[in-house]
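User: Got a model loaded here. Can you walk me through the pockets and a few local details?
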Amino acid sequence: MLATVELEVRHLRALCAIADTGSVRKAALQLGMTQPSLTTQLRRIEAAVGGTLFIRGQTGSRPTPLGHSVLSRARPIVAEMTALVIAARDAACGVGGLCLRLGGVGSRVVPGWLRRVHERRPTAETTIHIEVSSAALLQLLVSKQLDAALVHEPAGFPLRLPPEMERRVLAPREPRFVALAAGHPAARHPVVPLAELGDDSWIVDPAAGHECAALRRAFSTAGLDPRLLHVRDSATAAELVAAGVAVRSCEPTAESTAATVVRPLLGDPLTAQVSLVARPGALPITEIDALYADLADAYTELANGSAVYRAWLGGAADDGPGPLTPASYPPSPTGVPCERQDISA
């Protein structure tokens with residue numbers, strides 16, 4: 001039996017989305033949820049109000065008489081809450097000011113991105129919200145708690161973006177490398193076959209969602225079944241790798257230390273699309289373009305500082321075609337050419 005819930009504004013938004021789209025599936029896409037999750041939420045809402053709110057048929061979902069009654073009261077509440085948030089945001093930013101509510105997955109590119117944003121918009125009120133899950137960032141965008149976010153979408157696990165979201169692809173195929181102890185037998189290889197790490201424990205963050213699913217799929221494809229070690233704290237994870245207790249996947253710009261090394265994986269079994277996603281109407285298109293340019297410049301600087309990543313990008317040794325340049329990054333949403341190819345300007 002489903003537990004009843006106390007109705008919140010997010011529940012009312014869900015009801016309005018189902019009514020507006022005429023479909024639980026379409027409403028789930030708009031809200032950045034899965035269809036089963038929204039269906040379960042709807043059942044709990046119906047349990048709370050004591051009756052069926054929608055009838056599902058071949059043409060979609062339509063409100064029952066009770067549904068019409070609830071929606072007539074829900075819509076003004078949702079509208080008032082939206083107006084309250086907008087007014088509060090305007091007051092926080094000041095008249096004529098700009099408030100940037102940014103989000104991102106934990107990435108080494110974030111500090112350089114924020115520095116450029118501050119240099120370009122020194123008077124803007126800027127906040128940054130970090131999540132390990134891109135799906136969680138999408139939820140915050142949909143609920144209007146963020147304006148733009150840096151997201152990672154592992155290959156085979158794309159985000160279900162509402163069609164009106166603005167997307168700027170930064171890297172269509174960024175690889176995930178592996179961090180391992182300097183004394184690990186596989187550390188002697190410039191590129192490590194995944195099979196050589198099949199007997200190791202792999203650190204995963206259970207909150208990372210699709211990152212974990214992509215890792216499991218890569219193991220399954222390779223016929224491996226390694227031990228998984230769930231660790232939420234990145235500092236602890238780094239210490240475990242340095243001690244040789246486990247290995248973990250990492251960004252291609254991750255730095256080696258005296259105790260650890262970073263290596264590409266043979267055949268690139270783990271890749272992700274890296275994008276800037278912005279909520280429609282939250283910011284002018286010119287500002288979204290500027291945020292993307294700031295992010296691309298920061299990514300360029302970071303990639304140029306990583307000999308291992310430069311080698312991967314060039315498809316050669318460290319004396320490959322040369323560093324990334326700003327000209328390598330198109331101003332349009334077509335994305336950064338991160339396939340293995342000549343990327344010199």
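**Pockets and local details**

Analyst: The second largest pocket holds about 870 Å³ of space. A pocket is an open set of points on a 1 Å grid over the protein atoms alone, where a 1.4 Å probe fits, with protein on both sides within 12 Å along at least five of seven lines. The volume is the space filled by probe spheres set on the points, with points joined across faces, edges and corners.

User: Which residues sit closest to the centre of the second largest pocket?

Analyst: Arg-13, Leu-31, Val-142, Ser-143 and Lys-144, out of 31 lining residues. Lining residues have an atom within 4 Å of a point. By class, that lining has 16 nonpolar, seven polar and eight charged residues. Nonpolar covers Ala, Val, Leu, Ile, Met, Phe, Trp, Tyr, Cys and Pro; charged covers Asp, Glu, Lys and Arg; the others, Gly among them, are polar.

User: What are the ground rules for the numbers?

Analyst: This is a predicted model, where local features need pLDDT of at least 70, side-chain atom pairs count only at pLDDT 80 or more, and totals for chains, interfaces and linings use all residues. Residues are numbered from 1 along each chain as its sequence is written, and side-chain values use heavy atoms, with hydrogens and water left out.

User: OK. How much space lies in the largest pocket?

Analyst: About 1,000 Å³. It has 38 lining residues, and the closest to its centre are Arg-176, Ser-234, Arg-248, Ser-249 and Cys-250.

User: Which helix gives the largest share of that lining?

Analyst: α8, with six residues. Helices are DSSP runs of H or I with at least four residues, strands are E runs of at least two, and both are numbered from the N terminus. The lining splits into 20 nonpolar, eight polar and ten charged residues.

User: Switching topic. How many disulfides?

Analyst: Zero, counting a pair of cysteine sulfur atoms within 2.5 Å.

User: Is Cys-16 buried or exposed?

Analyst: Cys-16 counts as buried because its relative accessible area is 7%. Buried means under 20%, exposed over 50%, partly exposed in between, with a 1.4 Å probe and protein chains only. Cys-212 is buried too, at 15%.

User: And Ser-107, where does that lie?

Analyst: In the loop between β3 (99-105) and α5 (109-120). Ser-107 is buried, at 12% relative accessibility. Leaving out residues up to four places away in sequence, Ser-107 touches Leu-150 and Glu-251. Contact means heavy atoms within 4.5 Å.
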